[in-house]
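Subject: The two-chain model, over to you

Hi,

Here is the structure I said I would pass on. Have a look at it first, and then read my notes below.

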Amino acid sequence: MFVLDDLLFRPFVGIIDALHSLALEELYDVDALEDERKENQLLYELGERSEEEYLERKEVIEEELEIAREVHEQFGSGRVEVKR
Amino acid sequence: MSNSNRYVYGIVDSGDIEFETDAVAGADRVYTVSHRRLGAVVSNIDTTDPEETDEDAKRHDDVLREIMDYDGGRTIVPMQFGMAFESDRTLKNVLRGARPAFRRAMNDIEGRIELGLKLVTQEDASVDPEEIEAAVEDELGPLAAQTVTNDQFSDRLVLNKSYLVDEDDRAAFDDGVARIEDTYGDDLLVQYTGPFAPYSFVDVEIGAQSR
């Protein structure tokens with residue numbers, strides 16, 4: 001039964017792992033957040049975004065960036081446990 | 001903590017520089033540490049790994065601009081934010097080791113400034129990026145000694161370039177940008193910045209082991 005279970009489920013576990021990694025990458029995409037930070041700054045400098053909107057957005061992006069960097073650091077050091 | 005570390009803004013050719021200013025990490029004086037005819041423009045700092053805050057990044061830029069205007073105008077090979085060294089001795093070793101590279105960079109940027117141009121689509125505007133890029137190239141390309149395309153960090157950025165321009169061509173370049181703004185102002189927001197020390201056109205690598 002073990003061999004059968006292994007053959008039936010291993011490919012799915014592999015796919016779930018890959019999907020999980022992709023989801024984490026997308027959710028905690030440091031480059032995308034950096035781009036968003038630069039865009040926020042640019043639109044503020046060009047007068048399209050008010051100071052209030054700019055500061056509000058900046059705070060949110062910086063918090064997300066901090067979390068994303070932490071997740072990547074833990075990912076890199078193998079400290080993130082995938083629970084199923 | 002000791003303030004014996006040196007934070008470097010850039011490298012100048014001969015002649016000491018010294019002035020009081022609002023410098024990186026709370027320092028209030030900028031001066032040169034020289035080796036033969038090269039001088040590193042520095043301020044004192046208590047770390048070799050400064051944190052890049054918005055305020056200090058701006059101070060770094062502002063100091064570079066002050067140096068460009070110092071004593072009738074000086075050419076400076078700019079360093080990116082964050083270059084700090086343990087002591088005058090390590091810094092002089094770097095100046096000695098990288099002297100040929102600094103000399104080449106100095107020759108490339110002598111009498112030139114960096115100008116930046118970003119073109120951003122107005123909200124909901126529809127433009128042909130290729131047409132705009134070609135028009136900008138026709139207008140500004142001949143006036144620039146070198147051009148660098150920068151990061152496309154937003155879908156709304158149609159163009160993001162830095163230009164190395166002879167100081168003598170500055171007025172003509174300004175006119176060219178004004179014509180671009182006149183032509184495309186209904187569809188595009190224009191951000192024209194500078195002059196900066198030519199960061200984008202200097203490629204001097206200093207190894208971490210030299211710190």
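Starting with chain A: in its helix α2, Leu33(A), Asn40(A) and Leu42(A) are buried. Please keep in mind throughout that this is a predicted model.

Just past the end of α2(A) you will find Gly47(A), with a positive phi of about 85°.

The mean pLDDT of chain A is 80, with 62% of the residues at 70 or more.

Now for chain B. Its mean pLDDT is 92, and 96% of its residues reach 70 or more. There are 211 residues in chain B, and 32% of them count as buried. You can count 5 helices and 10 strands in chain B, and its C-alpha atoms fill a box of roughly 55 × 35 × 30 Å along the principal axes. Among the contacts in chain B that join residues at least 6 apart in sequence, 76% are between residues at least 24 apart.

Chain B is divided into domain 1 (5-110) and domain 2 (112-199). The C-alpha centres of these two domains of chain B lie 29 Å apart. Where they meet, 8 residues of domain 1 of chain B are in contact with 4 residues of domain 2 of chain B. On the domain 1 side, α1 and β5 of chain B each give two or more residues, and the residues of that side divide into 5 nonpolar, 2 polar and 1 charged.

What about the inside? The largest nonpolar core has 30 residues, and those with the most contacts inside it are Val8(B), Ile11(B), Ala40(B), Val41(B), Ile76(B) and Val77(B). Several elements of chain B give two or more residues to this core, including β1 (5-13), β4 (38-45), α1 (54-69) and α3 (99-109). There is also a second, separate core of 19 residues, which includes Ile113(B), Leu115(B), Val120(B) and Leu188(B). As a general point, nonpolar side chains in soluble globular proteins tend to be buried together.

Leaving aside residues up to four places away in sequence, Val77(B) touches Gly10(B), Ile11(B), Phe102(B), Ala105(B), Met106(B), Ile109(B), Val202(B) and Val204(B).

A few backbone details in chain B are worth a look too. Most residues other than glycine have a negative phi, and most peptide bonds are trans. Ala25(B) is not a glycine, yet it has a positive phi of about 60°. Ala25(B) lies in the loop between β2 (18-20) and β3 (29-35) of chain B, and it counts as partly exposed because it has 19 C-beta neighbours inside 10 Å. Asp124(B) also has a positive phi, of about 70°, without being a glycine. This one lies in the loop between β7 (112-121) and α4 (129-140) of chain B. With 6 C-beta neighbours inside 10 Å, Asp124(B) counts as exposed. Then there is the peptide bond from Gly194(B) to Pro195(B), which is cis, with omega near 0°. You will find Pro195(B) in strand β10 (residues 188-196) of chain B.

Last, how the chains meet: 7 residues of chain A are in contact with 6 residues of chain B. On the chain A side, those residues divide into 2 nonpolar, no polar and 5 charged. For the complex, the predictor gives an ipTM of 0.76 and a pTM of 0.80.

Cheers

Notes: Residues are numbered from 1 along each chain as its sequence is written. Chains are lettered from A and ligands numbered from 1 in the order in which they are written. pLDDT is the predictor's confidence in each residue, from 0 to 100. A residue is buried if 20 or more other C-beta atoms lie within 10 Å of its own, exposed if 12 or fewer, and partly exposed in between; C-beta atoms are placed from the backbone. Helices (H or I, at least four residues) and strands (E, at least two) are DSSP runs, numbered from the N terminus. A nonpolar core is a set of buried Ala, Val, Leu, Ile, Met, Phe, Trp, Tyr and Cys residues joined through C-beta atoms within 7 Å. Two residues are in contact if their C-beta atoms, placed from the backbone, lie within 7 Å. Ala, Val, Leu, Ile, Met, Phe, Trp, Tyr, Cys and Pro count as nonpolar, Asp, Glu, Lys and Arg as charged, and the others, Gly among them, as polar. Domain bounds come from an automatic or database domain assignment.
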